[in-house]
Amino acid sequence: MRLVLPSGQTIGTDRLISGFFRTDCTPIVASLEFQCTLDEDLDAALHEGSTVTLGDQYIEFTIIKRRVVSGQFIKDGKPINVGAYIALLAGMEKLIEPSVKAIFLKDSTIGAAFRASGNKLKVAEDVPLLRYFCPLGATPTYEIARKFQEEAATAFCNLKGQIIVKRLSNITDGEAKLTVDNSAVNWIENSTQLNHDMPNFVTLNPDGSTLEGTLKPGVKTGFYPGLDARRLKNLSTALVTRGTLMRAYTPDILAGDIIQVGDNKYSILTAVSRFDTGILGGSSVSATKFWLAEVVSL
């Protein structure tokens, strides 16, 4: 794992303890967690609000939380300071903060909703959005996630740090980044959880008549007012995890990429790459885990 500071200094494996690079099909599309030993210069460079770039593509992250532990670790008979950091894809910091103003968009896009709170993001692909409203004091990530449901869409990032918004119906279009055998996947099957996590919905038309989705016995049902038939159906469409896959350290395959398993294509819902150097006495570890998902519509 290669981490570079704005000054050009690299956090080498003589200081990096561990790092986790995570990408998701969620409003927070990418995050970075890392720990390193500190000297005076490195401690001054790594603070909340500072940036660090990852990998050969130089994806930029902004540190949102740091914690420094002093004197609990000994190396070569001397106490050392260790810093632990959490960072988000640069430009997304305001998505996790309560909104400082009410935001209303009409006939816009999901990418515009990302940027409406003051986030500086590059959107490579986008999806139309009928309405978006984020009340004063609300957290934008929750409001954007609701719009993902209404439009049956999701977002992820590419290796350039750009946001890609896609409808779930198009999520597996394109070429697979990796092809594996069916036996390589740890498959998950839990129909009971699916019935609880993906409810059907009913709503009311403007004239007061009931507009129903496809109601099934044994499936949770919810009420969502003010929707048309298209968005009502979208609420019961989601990416559902079907299995997990462990691979050697592969940080260039991200959430949103496609993996071919046998004759079927799956989208990566979450990808986590872990790198441990073992400089504090443990063993060195480097691996990547993928959560494979397919689109399910009740």
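A residue is called buried when its relative accessible area is under 20%, exposed when that area is over 50%, and partly exposed in between, with a 1.4 Å probe and protein chains only. The chain described here is a predicted model, in which local features need pLDDT of at least 70 and side-chain atom pairs count only at pLDDT 80 or more, whereas totals for chains, interfaces and linings use all residues. Residues are numbered from 1 along each chain as its sequence is written, and side-chain values use heavy atoms, with hydrogens and water left out.

Of the 298 residues of the chain, 47% are buried. The chain holds five helices and 21 strands, these being DSSP runs numbered from the N terminus (helices are H or I with at least four residues, strands are E with at least two). Among contacts with a separation of 6 or more, 62% join residues 24 or more positions apart, a contact meaning heavy atoms within 4.5 Å.

Helix 3 has twelve residues and reaches 17 Å from its first C-alpha to its last, close to the 16 Å expected at 1.5 Å a residue, where the expected span is 1.5 Å times one less than the number of residues. Its buried residues are P140, T141, E143, I144, K147, F148, E150 and E151.

After helix 3 comes A152, which has a positive phi, near 50 degrees.
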